[in-house]
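Welcome! Please keep the 3D view open as you read.

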Amino acid sequence: MLRFGIISTAKIGRDNVVPAIQDAENCVVTAIASRDLARAREMADRFSVPHAFGSYEEMLASDVIDAVYIPLPTSQHIEWSIKAADAGKHVLCEKPLALKAADIDEVIAARDRNRVVVTEAYMITYSPVWQKVRSLIDEGAIGSLKHVQGAFTYFNRDAANMRNIPELGGGGLPDIGVYPVMSTRFSTGKEPLWIQAITERDPDFGTDIYSSVKADFGDFELSFYVSTQMANRQVMVFHGTDGYIEVKSPFNANRWGPEEIELADRSHNESRIFRFQDSRQYKREVEAFARAVKGKEEIVTLENSKLNQKVIDAIYRASEKDGWEAV
């Protein structure tokens with residue numbers, strides 16, 4: 001059993017990842033760390049975790065964990081991923097790992113010098129939903145892919161929320177813009193070459209709250225929009241010469257709609273529905289991570305993460321100019 005320590009008591013850990021680890025077949029949470037020991041103990045008691053620490057450093061120095069899960073604010077991901085790797089711990093870091101692609105080089109160096117596994121927590125890549133999308137495209141179920149269309153939006157104007165605080169790495173592109181990009185890259189195995197984009201920022205927060213993006217992949221285009229101040233919506237559609245694939249609840253599985261894929265034919269006279277009952281993508285993610293530590297599975301590499309972040313970097317640059325920006 002891979003023994004996890006959790007760095008911070010953040011909501012995504014409490015609600016999604018810690019329950020997934022505790023439910024997994026090959027890993028377990030053995031420690032919770034917080035800068036407030038009382039909060040660490042409270043969360044540890046909630047999940048029957050044996051150890052609580054009043055500092056991250058103290059937990060990293062302990063021998064009761066083999067790996068860490070990091071759900072800290074985005075601006076702290078690089079720092080603590082490196083510290084954890086230098087402490088000899090394997091690292092599962094919440095997305096986005098970085099705010100600039102070049103910063104990931106430091107994490108790659110820490111991973112290599114310490115010979116540990118470090119990965120960004122893209123749970124969708126372990127989901128049977130997205131693995132099915134990839135296989136359908138690979139087998140030519142929609143013919144030649146011509147266009148991918150996506151949307152990911154929610155409404156949040158809470159000034160205290162980290163997503164609305166620039167210094168903590170807030171903004172729509174770091175929080176949700178990464179998903180249409182990663183899911184398209186994962187499903188097609190292709191990389192974008194050029195980007196066009198429009199981005200709007202909140203006048204009070206300064207964070208990006210809306211982006212409309214077009215990405216040229218050579219053989220096909222991706223167009224998507226994301227927003228942190230629009231009505232909730234999630235959708236991804238892969239449109240080819242012989243049909244299309246629509247992913248009904250692409251990112252927050254089973255929370256924004258059914259876990260379904262519709263495969264429609266060219267004339268839209270026939271379609272097939274693929275249903276996935278409770279894909280439990282966070283559980284699959286942590287189990288895959290534990291297998292990767294034993295060298296038994298490939299997971300999202302830091303090199304892959306850097307390529308994804310390069311696209312986000314290019315979207316920001318493209319938003320400041322007319323025309324196309326190279327990735």
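## The nine-stranded sheet

Let us begin with an open sheet of nine strands, whose order is β14-β13-β12-β11-β7-β10-β9-β8-β15 and whose pairing is mixed. At its edges stand β14 (271–275) and β15, each of which pairs on one side only. Please bear in mind that this is a predicted model.

Inside this sheet, β8 (residues 194–201) and β9 (residues 208–216) run antiparallel and are joined by eight bridges.

Helix α6 (residues 128–138) touches β11 (229–240), β12 (243–247), β13 (260–265) and β14, and its direction makes about 170° with that of β12. Helix α7 lies across β7, β8, β9, β10 (221–227) and β11, running at about 155° to β10.

## The six-stranded sheet

Now turn to another open sheet, in which six strands follow the order β3-β2-β1-β4-β5-β6 with parallel pairing. Its edges are β3 (51–53) and β6 (118–121); each has a single partner strand, so one side of each has no neighbour in the sheet. From one strand to the next, the twist averages 25°.

Strand β5 (residues 90–94) pairs with β6 in the parallel sense over four bridges. Here C93 stands opposite E120 in β6.

Helix α1 lies across β1 (2–7), β2 (27–33), β4 (67–70) and β5, at about 145° to β2. Helix α2 (residues 37–46) packs on the sheet by touching β2 and β3, and its direction makes about 160° with that of β3.

## The largest pocket

Which residues lie nearest the centre of the largest pocket? They are K11, I12, M162, R163 and D175, out of a lining of 41 residues. Two or more lining residues come from each of α1 (11–23), β7 (145–155) and α7 (172–188). The largest share, five residues, is given by α1.

The volume of this pocket is about 1,100 Å³. Its lining divides into 18 nonpolar, 12 polar and 11 charged residues.

## A cavity inside

Rolling a probe the size of a water molecule over the atoms shows where empty space is left. How many cavities of 30 Å³ or more does a search of the whole structure find? The search finds one, and the volume of the largest cavity is about 30 Å³.

Among the residues lining the largest cavity are P96, L97, Y122, V178 and N308. Helix α9 (residues 302–318) gives the most, with three residues. By type, the lining has six nonpolar residues, three polar and one charged.

## Links across the chain

Side chains of opposite charge can pair when their charged atoms come close. A search of the whole structure finds 22 salt bridges. One of them joins R3 and D66, with their closest N and O atoms 2.9 Å apart. This pair links distant parts of the chain: R3 sits in strand β1 and D66 in the loop between α3 (56–60) and β4, 63 residues apart.

Finally, look for S319, in the loop between α9 and β15 (325–326). Setting aside residues up to four places away in sequence, S319 touches A197, I198 and T199. The C-alpha atoms of S319 and T184 are separated by 21 Å, and the two residues are 135 residues apart along the chain.

Technical notes
Residues are numbered from 1 along each chain as its sequence is written. This is a predicted model: local features need pLDDT of at least 70, side-chain atom pairs count only at pLDDT 80 or more; totals for chains, interfaces and linings use all residues. Side-chain values use heavy atoms; hydrogens and water are left out. On a 1 Å grid over the protein atoms alone, a cavity is a set of points where a 1.4 Å probe fits but cannot get out, and a pocket is an open set with protein on both sides within 12 Å along at least five of seven lines; lining residues have an atom within 4 Å of a point. Grid points are joined across faces, edges and corners, and a volume is the space filled by probe spheres set on the points. Ala, Val, Leu, Ile, Met, Phe, Trp, Tyr, Cys and Pro count as nonpolar, Asp, Glu, Lys and Arg as charged, and the others, Gly among them, as polar. Two strands pair if DSSP finds at least two bridges between them. Axes are lines fitted to C-alpha atoms, for helices over the stretch in contact, and angles run from 0 to 180 degrees between N-to-C directions. Contact means heavy atoms within 4.5 Å. A salt bridge is a side-chain nitrogen of Lys or Arg within 4 Å of a carboxyl oxygen of Asp or Glu.
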